[in-house]
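Student: Please pick one part of this model and go through it closely. I would like each cut-off stated where its term comes up.

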Amino acid sequence: MLLTKTLAEIIERAARKAQKKGDLPKFPLPEVVVSRPRQADKGDLSSALALQIVRPVNNALKEQGKERLSPIQIAEIIKRRIADNPYIGRLEVAPPGFMNIWLSPEWVAEQAGAIVEQGPAYFKENIGQGKKVQVEFVSANPTGPLHFGGARNAAIGDTLARLLENSGYEVQREYYVNDRGAQVDTFAETLWRRYQQLHGVEVDIPEKGYPGAYMIDYARAIQAEHGDSLLDLPREEAIPRFRELGLKLVLDELDRDLAMMQVHFDNWFSEQSLYEDGTFERVSAILREQGDLYVKDGAVWFAASKYLPKDDRDEVFIRANGEPGYYASDIAYHYNKFVVRGFDWVIDVWAVDHQNQARRMPAMMKALGLDPDRLTIVLYDLVTLKRGGKEVKISKRSGDIITMREVLEEVGSDAARYFLLSHSNEARIDFDIDLAVAQSSENPVYYIQYAHARVSSILRKAAAEGLDAADADLHLLTHPTEQALIQKMLQLPEVVVEAVDRLAPHHLPHFALDLAKTFTQFYGACRVISTDPADADLTRARLKLVEATKTTLAYILHLMGMTAPEVM
RNA sequence: GCCCUGGUAGUUCAGUGGAUAGAACGCUUCCCUGCGGAGGAAGAGGUCAGAGGUUCAAAUCCUCUCCAGGGUACCA
């Protein structure tokens with residue numbers, strides 16, 4: 001459940017009742033917001049509703065010739081109309097007009113049991129109502145291994161997918177494979193020449209080809225499988241053959257590398273297929289019939305300006321050389337996503353250097369007769385790699401790159417995902433390998449996982465001693481650190497809803513650290529397994545609390561795509 | 001030029017209209033004869049880049065300026 005929403009509804013009902021009973025004048029209430037104050041002495045939750053409505057209240061009172069009310073008086077009036085409920089333990093009106101709420105400690109304590117009983121379901125809100133959503137991410141050009149920049153895309157995209165599938169959406173993860181066009185041809189050409197070189201043929205790789213050493217590895221892999229049987233192919237056969245062989249090698253490698261960071265795609269979508277199954281023709285016909293296409297300078301243009309404010313420019317649809325431009329592929333691709341496959345919502349995760357392209361997408365949606373709001377482009381800023389405070393270039397002049405695989409092998413998937421996720425999408429990231437790899441208290445990743453391992457250890461010990469939490473009297477959980485721990489867990493649904501609303505996964509790692517911290521404080525203050533028989537009841541209650549903590553920590557780690565270790 | 005995004009503690013970063021701006025790391029002091037010390041408690045540390053404005057209330061919204069990065073292709 002969303003506690004803030006539940007309490008907002010209670011307050012809203014009280015305000016309405018006050019209006020109905022004539023305590024307050026009638027006017028449309030604003031949305032009631034309940035938030036969490038920073039200071040403990042302001043309560044667990046708080047609403048500023050009285051402050052928000054002073055003006056309409058007093059305007060109405062003035063019209064009626066009555067005396068004006070202060071925000072504090074308004075808050076008191078609302079307070080008196082609050083219905084009985086299990087959540088609120090105490091509600092105080094505080095200057096200048098806040099309503100501060102302390103949760104009922106009994107209700108809070110009971111939630112430890114509810115969390116254990118319901119498991120992760122306790123934290124889930126059905127926002128999606130079964131809507132079909134596609135998250136398309138990574139989608140790096142299939143011309144070599146993923147460089148480290150792609151890891152951020154993978155972390156964001158996959159975590160968004162996890163957030164959505166745990167919020168009532170039906171989610172598909174898709175990788176868009178740009179397997180046609182000049183760059184793939186150049187890639188095939190380079191691979192062919194490298195293959196020839198391996199067999200002693202004196203050829204150079206293309207000037208604008210792919211000089212990286214990994215291309216030689218691909219060529220070797222082809223040599224290993226096909227020997228010299230491809231040497232005699234004429235160019236017009238060699239290029240498509242090497243394109244096909246090379247793509248397979250690259251995609252296999254991408255799949256393996258992404259699996260290293262717990263990322264698995266449901267679908268790898270071929271750009272080329274859009275031109276083979278008639279989608280491109282269909283889309284061209286639609287746009288032509290609508291009069292959205294025109295010829296200029298030998299190229300066919302899409303009149304994006306027809307659908308967007310006049311400061312936007314048109315896009316090349318088919319280039320003068322007869323090749324479709326990338327925008328043409330994008331239109332066909334999104335036609336396929338929405339019209340053919342019927343996704344209710346599509347999220348594309350792009351690096352910020354595609355910002356201009358992102359701005360043009362609404363025109364495309366409108367031209368296809370689709371609601372632009374059904375497509376969301378999540379832009380994220382780039383990653384710079386550092387080692388000991390000094391920048392390391394992700395791609396080098398030689399064509400060699402710092403691959404995602406190398407970094408993952410060094411720092412591990414959990415630390416990489418945690419760090420990449422902990423920054424807001426719009427913020428640039430300085431990824432310091434040395435910091436991420438440090439397995440010390442300065443690395444929050446291990447602090448969080450350590451909390452989970454410690455929780456697991458306590459439960460193992462309890463089990464070994466024949467203790468369990470059955471029939472625990474949870475009302476014994478009154479210690480401030482016990483209450484604080486449960487209250488922290490109660491915030492998780494709000495964190496997830498916020499992350500989904502704003503497509504901002506960076507709230508998760510911050511919450512996880514908070515939760516681990518709160519647990520460790522409880523652990524430091526309260527002994528769970530007591531040797532004193534007189535404490536048997538308290539031990540049972542605390543074991544329940546520890547079980548709830550394990551559920552919560554494991555779930556948040558799962559949402560981030562991180563492991564929840566039983567031992568470390 | 002125009003457009004987009006950042007600028008918050010020594011450092012790395014949270015905080016998209018609420019009260020005394022938070023966390024981690026680092027620093028200072030204290031606590032280890034107990035379930036895992038990869039700890040716990042207390043503290044120092046801020047011109048929220050700057051200047052105006054809107055509001056009962058601004059790090060948050062608006063305008064301008066400064067700094068950093070990105071975009072502005074018949075590349076993707």
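Tutor: What follows goes through the protein surface beside the RNA, and then some details of the elements and loops of the protein chain. The model is predicted, so local features are limited to pLDDT of at least 70 and side-chain atom pairs to pLDDT 80 or more, while totals for chains, interfaces and linings use all residues. Residues are numbered from 1 along each chain as its sequence is written, chains are lettered from A and ligands numbered from 1 in the order written, and side-chain values use heavy atoms, without hydrogens and water.

The surface first. RNA strand B has 63 residues around it, and R55, R319, R454, R502 and R527 come nearest; to count as near, a residue needs a heavy atom within 4 Å. By type, this surface divides into 21 nonpolar, 21 polar and 21 charged residues (nonpolar: Ala, Val, Leu, Ile, Met, Phe, Trp, Tyr, Cys and Pro; charged: Asp, Glu, Lys and Arg; polar: the others, Gly among them). On the RNA side, sugar or phosphate accounts for 64% of the atoms of RNA strand B within 4 Å of the protein, and bases for the rest.

Helices (H or I, at least four residues) and strands (E, at least two) are DSSP runs numbered from the N terminus. Helix 17 gives the most, with 8 residues.

Next come some polar contacts (N or O pairs within 3.5 Å). The side chain of N100 has an N or O atom 2.7 Å from a base nitrogen of RNA strand B. For S457, an N or O atom of the side chain lies 2.8 Å from a base nitrogen of RNA strand B. In the case of N141, the partner is a sugar or linking oxygen of RNA strand B, at 3.5 Å from an N or O atom of the side chain.

Back to helix 17, which also holds H452. H452 counts as buried because its relative accessibility is 1%, and buried means under 20%, exposed over 50%, and partly exposed in between (1.4 Å probe, protein chains only). Beyond its neighbours within four places in sequence, H452 is in contact (heavy atoms within 4.5 Å) with K550, L553, A554, L557, A564, P565 and E566.

Two loops carry backbone details. One is the loop between strand 3 (88-94) and strand 4, where P96 is placed. The peptide bond from P95 to P96 is cis, and its omega is near 0°.

The other loop lies between strand 5 (132-136) and helix 6 (149-165), and V138 is in it. Although V138 is not a glycine, its phi is positive, at about 60°. V138 counts as buried because its relative accessibility is 9%. S139 is placed in the loop between strand 5 and helix 6 as well. Phi of S139 is positive too, near 45°, again in a residue other than glycine. At 14% relative accessibility, S139 also counts as buried.

Key:
A polar contact is a pair of N or O atoms within 3.5 Å; within protein, one must be able to donate a hydrogen and the other to accept it, and residues adjacent in sequence count only if both atoms are side-chain atoms.
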